[in-house]
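Student: I'd like to go through the labels on this one and see where each of them comes from. Can you show me the model?

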Amino acid sequence: MRYITPLVVFLLVFIFFLDFASIKYLDSTSQKIDSLLSKVEDHIKSGDWEKAKDWVEKAESEWKKIDRKWALLVEHREIDEIEINMEKLKSFVESKNRDQSMAQLKTVKMLLKYVPENEKPTFENIF
C-alpha cells in the first residue's frame, strides 16, 4: 500500500514527460518541413518551377520520414489531410499553376502548424 503513492506520482511525471516530448517533436518536425515549403514558396513567386518542384520533392521526402512517427502521436485523419494536400501541391507545381500552387502551399503550411498546436494541452483542447 505504501508503494502506491510513489508509483502514481512516477506514472504522472512519466506521462507528463512523454506528452512534453511528443509536443516538442511535433513542433520541431513541422517547423523543419515548413522551412522547406518556404523555399518552395520563394521559387513559385520567382517562377522557377524546376527548383520549386525539387523543393516540393524534398519536403515530401522529409514528410515520409516522419509521418509514421506522427501516426503514433496524432489522429490519422490529420496525417491523411496533410498527405492529400501535399500531393495536390506537387500536382499544381508540376502543372506550373501559380495561384493554385500558392493556395495549396498555404493549406499544407497551415495544417503543419495546426497539428502541433492542437496537441498541446491547453484549456480549450482539454474541454
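Student: Why is leucine 72 called exposed?

Tutor: Its relative accessible area is 74%, and exposed means over 50%, buried under 20% and partly exposed in between (1.4 Å probe, protein chains only). So leucine 72 counts as exposed. Keep in mind that this is a predicted model, where local features need pLDDT of at least 70, side-chain atom pairs count only at pLDDT 80 or more, and totals for chains, interfaces and linings use all residues. Residues are numbered from 1 along each chain as its sequence is written, and side-chain values use heavy atoms, with hydrogens and water left out.

Student: Where does leucine 72 lie?

Tutor: Leucine 72 is in helix α2; helices here are DSSP runs of H or I with at least four residues, numbered from the N terminus. From leucine 72 to lysine 96 there are 24 residues in sequence and 35 Å in space, C-alpha to C-alpha.

Student: How many aromatic pairs are there in the whole structure?

Tutor: The search finds 2. One of them is phenylalanine 10 with phenylalanine 14.

Student: What makes the pair of phenylalanine 10 and phenylalanine 14 stacked?

Tutor: Rings of Phe, Tyr and Trp (its six-membered ring) pair if their centres lie within 6.5 Å, and planes under 30 degrees apart count as stacked, over 60 as edge-to-face and the rest as tilted. Here the centres are 6.1 Å apart and the planes are at 20°, so the pair is stacked. Both residues sit in helix α1 (residues 4-46), 4 residues apart, about one turn of the helix.

Student: And why is the pair of tryptophan 63 and tryptophan 70 edge-to-face?

Tutor: Their ring centres are 5.2 Å apart and their planes are at 80°, so the pair is edge-to-face.

Student: Which residues form the negative surface patch?

Tutor: Glu50, Asp54, Glu57, Glu87 and Glu94. A patch takes residues with over 30% relative accessible area and no salt bridge, with like charges joined within 9 Å; a salt bridge would be a side-chain nitrogen of Lys or Arg within 4 Å of a carboxyl oxygen of Asp or Glu. Helix α2 gives the largest share, 3 residues.

Student: Why does glutamate 87 count as partly exposed?

Tutor: Glutamate 87, found in helix α3, has 43% relative accessibility, so it counts as partly exposed.

Key. Patches are made of residues with over 30% relative accessible area and no salt bridge: like charges are joined within 9 Å, nonpolar side chains (Val, Leu, Ile, Met, Phe, Trp, Tyr) within 5 Å. Accessible areas come from the Shrake-Rupley method with a 1.4 Å probe; for residues, only the protein chains shown count as cover. Lys and Arg count as positive and Asp and Glu as negative; His and the chain ends are not counted. The place of a charge is taken as NZ of Lys, CZ of Arg, CG of Asp or CD of Glu. Helices (H or I, at least four residues) and strands (E, at least two) are DSSP runs, numbered from the N terminus.
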